[in-house]
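Here are my notes on the model you sent over. Have a look at it first, then read on.

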Amino acid sequence: MSLPAARSPVPARGRRDSPPPTGFSRNGRYVLPLAVLLLLVTIAAAVSVGSADLPVDSVLRAVASHVGLPVQPLPALPDSIVWDLRLPRVLLAALVGAGLAVCGAVLQALTRNPLADPFLLGVSSGASTGAVAVLVLGIRIGAGPVDLTTGAFVGSMAAFGAVLLLAGRQAGEPTRIVLAGVAVSQLFSAVTSLIVISDAHTQDTRSVTFWLLGSLTAASWASVTLSAVVVAVGLLVCWAGASALDAFAFGTDTARSLGFSPGRTRLLLFTVTALMAAALVAASGAIGFVGLTVPHAVRFLFGSGHRTLLPACAVIGAIFLIWADTVARTVFSPQELPVGVLTALLGVPVFALVMRRRTGAP
Amino acid sequence: MIAPGAAGGGAGGGGRATGGDPYPVGALPARLHADGIGWGVAGVRILVGVALTAEPGATVGLLGPNGSGKSSLLRLLAGLARPESGRVLLDDVAVGAIPRRALAQRIAVVTQQVATDVEMSALEVVLLGRTPYRPRLAGVGAADLDLARRALAEAGLAGFEQRRWSSLSGGERQRVDLARALVQEPDLLLLDEPTNHLDIRHQLELLRSLAESASTVVVTLHDLNLAAQYCDRLVLLHCGRVVAAGTPAEVLTTSRIEQVYQVRTDIDVTDDGRPRIWYRDHAT
């Protein structure tokens, strides 16, 4: 085929400083390992920061002694601060940040809606309903009371189940599932209010606030392990769908003509993200703005090819939430700021910046 | 203006050869045959008893006024939707019976563009065309990268590899999308108004490359003269039915154009036997 010689790559419509023509894949190749390194530094630094300041080398020593390396262990108290309190909390922050950012990126691509966030499918309101139900109604299974985390997870899954039911046979269709998600979220919020008001004694709404704003105070090694498994599996499944997510940007027909099954793929990814979000919400409540903002910022840096975007979201989301939580627990020490307040304070300006660039694009 | 490659025959999806002259590389032109096609949406009949045949390597133009069912027919031919009646055969195999991924290695589709805010580079978009050939978790190989770069260069976009899709003009997007379809190495290439957004030079280049392409091509067009000039055969749709099918000279007659488009014309015949249409002032 005799197409003409290459035209010069002058931007045809360079009406403003268009983004530099950097290679996204190249960005991914060099920046991503750097970001992982930054994440490790962030974890070490965040563990050392707190009401009792511990130098980073003590932190490393404590961790080394716990994983069985031949080093001098710390004294009992600082060791316990590092190993039992701060490290689980920092790691949970990393996992929740990573998971929520990945969920947000996937849901934004699936629905082709820049406003989609991990709680789109009713997961967060379901979690608060479940937790409040356990708390107020004192639901028991067998001998012991159901713990709040389990209640929240079951609530999330009930909400997502309701979303699938409402969306019906075309649950793979983005508009339907988004509409169903909105309706179910409203329903579960109403049920939560109903439960809270029905019980005159528990007007103490602190636990409700926990699920609505999110908090990492409940971090434990158990929640870290569970979240790690969920985030790792979820990220892997989503990453396997990276090319499908790329193709969805060009519409259902294009995706199908490239050999994907859009309905089935969407349903699978909706389910995986709902499970991830539900597990994370059960561990930490609904921390807002991470899943909404981080994907936009990362897309801005790395482009929207999902093979790079998803791992980058995981790393940047982790770093973002670790710092947000570190500030939240130290700035008004000993008082603690709900981390959701901080993610909103930091997230909204970033979001505004990204929005400005989007509207400016041709 | 002869369609080459007709001698190749519809040998079916054997080994995907690389190298050699025909472009896209690895295409084994397929024979497309559809008949008795009926389709509707929400009780509205959109296509009724439509038949169409494209011989291996031929370029078939699909004509008709707005709303005549061209795009719907193209989607059915591509296997993106199933006809309510009738059949679509690719080398005598029903398109609906071919698994999606295998089908994506044989049919490529260029639809009318909708996505505008995609932050992928032009090269990444072209590489999407290689996904039907790639294992789910595998990265982009050197051969794929090479193929995609070449396709971009063939589309006259050699320096555009790292340009973001959102920063491309409508015509540039159209050409990137065509490059994406070509690296799919399709035996059958289906295009829905690909000349939209293109300036006249790029329209002519596109149509010439389609006519010379090794793949069998079915393309919807609005410009009757361009269709007459570059297509081997034309199919004229009106209200969901085939009004005429055949060579450009057989299909494009004064009376038929007036019947379908309500436009009066004078038609010459050029030296190579193709009709040239002159439009009269619309006011009668």
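The points below cover a helix pair in chain A and a sheet in chain B.

1. Bear in mind that this is a predicted model, where local features need pLDDT of at least 70, side-chain atom pairs count only at pLDDT 80 or more, and totals for chains, interfaces and linings use all residues. Residues are numbered from 1 along each chain as its sequence is written, with chains lettered from A and ligands numbered from 1 in the order in which they are written.

2. In chain A, look at helix α4 (residues 123-137) and helix α11 (residues 262-284): their axes come within 9 Å and cross at roughly 40°. That makes α4(A) oblique to α11(A) (under 35 degrees is roughly parallel, over 145 roughly antiparallel, 65 to 115 roughly perpendicular, and the rest oblique). Axes here are lines fitted to C-alpha atoms, for helices over the stretch in contact, with angles from 0 to 180 degrees between N-to-C directions.

3. Who touches whom? From α4(A), V123(A), S124(A) and A127(A) meet A274(A), A277(A), A278(A), V281(A) and A282(A) of α11(A) (contact means C-beta atoms, placed from the backbone, within 7 Å).

4. Over in chain B, six strands make an open, mixed sheet in the order β6-β7-β8-β3-β9-β10. Its edge strands are β6 (107-110) and β10 (241-246), each pairing on one side only (pairing takes at least two DSSP bridges).

5. Within that sheet, β3 (residues 59-63) and β9 (residues 233-238) of chain B run parallel, joined by four bridges. G61(B) has L234(B) as its bridge partner in β9(B).

Definitions and conventions
Helix = DSSP H or I, 4+ residues; strand = E, 2+ residues; numbered from the N terminus. Contact = placed C-beta atoms within 7 Å.
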